[in-house]
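My notes follow the order in which I looked things up.

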Amino acid sequence: RLIIDGSTSMLPMTQKLATAYHKAFPKIQAPKVGGGQTAIGISDASSGRVDIGEASRDPIPGVDPKGLIFTKVARDGVCVITSPENPIENMSQQTVTGIFTGAIRDWSQVAGAHVSGPIDLFQRDGASGTQDAFQNIFLGENLKISPSATQETSEGLEANAVSPDPKAIGFVSVSAAVSVHTVGYQGVPCTLRNAKSGQYGGVRNFWMVTKGIPKGEALKFIAWVTKPGNKSVRAIINSGWIAIH
């Protein structure tokens with residue numbers, strides 16, 4: 001049976017793909033799909049503990065174990081989020097940078113804020129692909145998220161922490177932004193539609209990772225997921241993410 005784990009951002013999408021794969025090929029057991037974060041997926045693929053690891057950040061030469069093959073399977077929008085009680089319409093690059101690096105620490109310094117007082121900063125932990133993607137997209141190579149930020153181990157936990165706290169701010173995939181308010185970035189609302197059109201700039205890649213060139217059941221599944229013209233896959237991915245074909 002095909003075993004997959006890794007990115008919690010990719011987990012809901014891959015679970016749906018696994019179900020559809022088994023429906024398309026009933027004689028093949030549905031792949032077993034688990035979470036565990038990007039760093040775990042990469043490590044497990046490298047060690048052979050799983051057939052496919054999932055990564056929601058791009059490959060990092062010199063950091064990732066040697067011999068891994070990253071296959072792009074989808075794209076995803078990353079949103080800055082606040083509580084619905086503090087529905088900020090938009091943030092500039094300067095404001096996002098200021099808040100997440102800790103240079104801006106009070107909501108009174110933020111245009112459009114509906115609250116005042118100290119900012120409660122949330123982020124993902126270091127094993128997270130979403131954390132790496134946010135870092136690269138919104139802050140760049142030279143700036144770092146403030147060490148004062150509370151670290152969460154999944155998108156669900158981060159959204160749950162931000163939602164009830166009027167002074168909180170964090171970031172999650174657009175598909176995980178259910179109970180929170182999504183903040184526009186540089187004048188463009190963070191929506192799936194805007195991420196698909198290319199108008200919204202906060203977009204990252206989703207990867208399936210194998211030890212060497214995919215083979216066997218891993219090859220069959222990845223080839224099915226990435227096959228141009230596969231309407232069932234395209235429908236699943238486009239329901240909350242961005243199809244690459």
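I started with the largest nonpolar core of this predicted model, which holds 39 residues. Val 80, Met 91, Ile 99, Phe 100, Phe 134 and Ile 169 touch the most other members. I then listed the elements that give two or more residues to this core: strands β4 (68-82), β6 (120-124), β8 (168-173) and β9 (181-185), and helices α3, α4, α5 (155-162) and α6 (192-197).

I also found a second, separate core of 25 residues. Among its members are Leu 17, Ala 74, Val 225 and Ile 236.

Next I looked up Ile 99. Which residues is Ile 99 in contact with, leaving aside its neighbours within four places in sequence? I noted Met 91, Ile 104, Trp 107, Val 110, Ile 119, Leu 121 and Ile 169.

I then turned to the aromatic rings. My search of the whole structure gave eleven aromatic pairs. One of them joins Phe 100 and Phe 134, with 4.7 Å from centre to centre and 55° between the planes, a tilted arrangement. Phe 100 sits in helix α3 (residues 93-101) and Phe 134 in helix α4 (residues 129-139), so I logged a link between distant parts of the chain, 34 residues apart.

Last, I checked for a wider grouping. Phe 100 and Phe 134 belong to one aromatic cluster with Phe 138, Phe 171, Tyr 185 and Tyr 200.

Technical notes. Residues are numbered from 1 along each chain as its sequence is written. This is a predicted model: local features need pLDDT of at least 70, side-chain atom pairs count only at pLDDT 80 or more; totals for chains, interfaces and linings use all residues. Side-chain values use heavy atoms; hydrogens and water are left out. Rings of Phe, Tyr and Trp (its six-membered ring) pair if their centres lie within 6.5 Å; planes under 30 degrees apart count as stacked, over 60 as edge-to-face and the rest as tilted. Helices (H or I, at least four residues) and strands (E, at least two) are DSSP runs, numbered from the N terminus. A nonpolar core is a set of buried Ala, Val, Leu, Ile, Met, Phe, Trp, Tyr and Cys residues joined through side-chain atoms within 4.5 Å. Buried means under 20% relative accessible area, exposed over 50%, partly exposed in between (1.4 Å probe, protein chains only). Contact means heavy atoms within 4.5 Å.
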